[in-house]
Amino acid sequence: MTENNQKKSNSIHTNNTDKDTIKHESIQTRINCDFFVRIVLAGLEIIKLLRVQDSLLHEPFGIGAGGDCSSGADLLAEAVFRKFLLPKYNLDSEESGILESDIKSSYTIVLDPLDGSSNFQSNIPYYGASLALCDESGKVCEACVINYVSREISYINDSLLTTTNIPCVFTLDSVGLYIPFTLLESSPKYFTSNSGLPYQPIDFSQLFNSRTCGDFAANPHIAIKLICDTIVETKKYLPEFNDEFMYKLFQHKVIERKFEPNYSASSLKCGIFEKASHFPEWVTILLQYKLKFRSLGATALSLGFSFRYLFVLLPTSVRKYDGMAGFYLAQNQYIKGNVGKYLQAIPSMKRNINDKEHIIISVNPQIVDILCQITSRHQKE
């Protein structure tokens, strides 16, 4: 390569980097740092929590507010979110229902702390969390979906929607929180030190080691309550979540922006068809049309990252714990089906409401039309 060409190549690289930096800085200024940092740190703690090898995570603990059985993992993940979110926001959680904030708040977060619980219980690596921040009127003003396995967050808010059609994706890395990974004498033994950040993550292996004797070990209901209460109590050690703290998280690479490729309709090869096994007629027709799909089992994750897929086909209505965040994140795609109950919460959502039970989402309107024809002709009785 000649010297001139080398300079030209370096110049192009520099310009692209500068553009990315400008975009990145612009994104940061449009993020609600309080909500965003709280969910980032909660997500990282839950990722560590779900790696603990303890039978308590798989114990059933009755029916939650959303109508499904709550496992230990569900309740523990919820406890982490309670720790980070209740000091500032009300919660409407799939596990415990309405939980009031420690302060009088006009904002409520609709939460599914463990979307894809059955996947987690079955060691299928596709599960996460769904959070939608709603104002006093019930309108969603920002939302995110966290993939606990890929360590990605799909995030958008009203301000960012003026600059981008798809959610912003961030990757999470806890290494920046746990260096040099030694115990602090001045803090509870289940805290670990970190690389100078004013925040101390829980060391869950230490916390779970304390349940080795007496009623705490013998009775899982006592154990889950005590551990959940202990997690929530650590909120008193939380720092102030401001712009400076968020900047440090980016600086330590705890959070990094992931620049998504410019997906075109022709580049997307596979869709998601949830609960496909219940609709064999649709499966047959989709295969005849050579429309590839997977059935992944975590609705909020599928909605929150739907811009990566050829389509998302949901054969039944979606509960608010998944739909509030999921449809807010997917609102700039073509959506057709039973989404009427979300219009007040997400009035800007692109949609074509009909009386069918199913919902279709795609970046490609032609795919939506094809799927509508298929599902209309073969509507499950």
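A residue counts as buried when its relative accessible area is under 20%, as exposed when that area is over 50%, and as partly exposed in between. With these terms, this briefing describes selected parts of a predicted model. In strand β16, which comprises residues 359-362, I359 and I361 on one side and I360 and S362 on the other are all buried, so both faces of the strand are covered.

**Strand β16 and its partners**

- Strand β13, residues 312-314, runs antiparallel to β16 and is joined to it by three bridges.
- Within this pairing, L314 has I359 of β16 as its bridge partner.
- Strand β14, residues 334-337, also pairs with β16 in the antiparallel sense, here over four bridges.
- In β16, the residue opposite I335 is I361.

**The annotated binding site**

- According to the UniProt record, an unreviewed entry, the annotation "binding site" covers E94, D112, L114 and D115.
- These residues span 22 residues in sequence, yet no two of their C-alpha atoms are more than 9.6 Å apart, so they gather at one spot.
- E94, D112, L114 and D115 also belong to the lining of the largest pocket.
- L114 is located in strand β5, which covers residues 108-115.
- The relative accessible area of L114 is 1%; this value is under 20%, and L114 is therefore buried.
- Setting aside residues up to four places away in sequence, L114 touches L50, A73, D74, F120, Y127, G128 and Y148.
- D115 likewise has its place in strand β5.
- D115 has a relative accessibility of 4%, so it counts as buried.
- Beyond its neighbours within four places in sequence, D115 is in contact with Y127, G128, A129, A298, T299, A300, L301 and D322.
- A polar atom of the D115 side chain lies 3.0 Å from the backbone nitrogen of A300.

**The largest pocket**

- The largest pocket holds about 670 Å³ of space.
- It is lined by 31 residues, of which D68, D115, G116, G297 and R319 are the closest to its centre.
- At least two lining residues of the largest pocket come from each of β2 (69-71), β5 and α4 (117-121).

- S101 is situated in the loop between β4 (97-99) and β5.
- With a relative accessibility of 11%, which is under the 20% limit, S101 counts as buried.
- The side chain of S101 has a polar atom 3.1 Å from the backbone oxygen of I103.
- Apart from residues up to four places away in sequence, S101 touches L86, P87, K88, Y89 and N90.
- N157 belongs to strand β8, residues 152-157.
- N157 is buried as well, because its relative accessible area of 4% is under 20%.
- The backbone oxygen of R30 is 2.7 Å from a polar atom of the N157 side chain.
- The side chains of N157 and Y155 are joined by a polar contact of 2.9 Å.
- When residues up to four places away in sequence are left out, N157 touches R30, I31, N32, C141, E142 and Y328.

**Residues with a positive phi**

- K253 is not a glycine, although its phi is positive, at about 60 degrees.
- The loop between α9 (243-251) and β10 (255-258) contains K253.
- K253 has a relative accessibility of 48%; this lies between the limits of 20% and 50%, so K253 counts as partly exposed.
- K290, another residue other than glycine, has a positive phi near 60 degrees.
- The loop between α10 (280-288) and β12 (292-294) holds K290.
- K290 is exposed because its relative accessible area, 74%, is over 50%.

**P365 in helix α13**

- P365 is part of helix α13, which covers residues 365-377.
- The relative accessibility of P365 is 34%, so P365 counts as partly exposed.
- P365 and Q333 are 32 residues apart along the chain, and their C-alpha atoms are separated by 8.7 Å.

Key:
Residues numbered from 1 in each chain as written. Predicted model: local features only at pLDDT ≥ 70, side-chain atom pairs only at ≥ 80, totals over all residues. Heavy atoms only, no water. Buried < 20%, exposed > 50% of the residue type's maximum accessible area, 1.4 Å probe, protein only. Pairing = 2+ DSSP bridges. UniProt positions renumbered as here; feature names shortened; annotations may be inferred. 1 Å grid on protein atoms, 1.4 Å probe; cavity = no way out; pocket = protein on both sides within 12 Å on 5 of 7 lines; lining within 4 Å. Contact = heavy atoms within 4.5 Å. Polar contact = N/O pair within 3.5 Å; in protein donor to acceptor, adjacent residues only side chain to side chain. Points joined across faces, edges and corners; volume = space filled by probe spheres on them.
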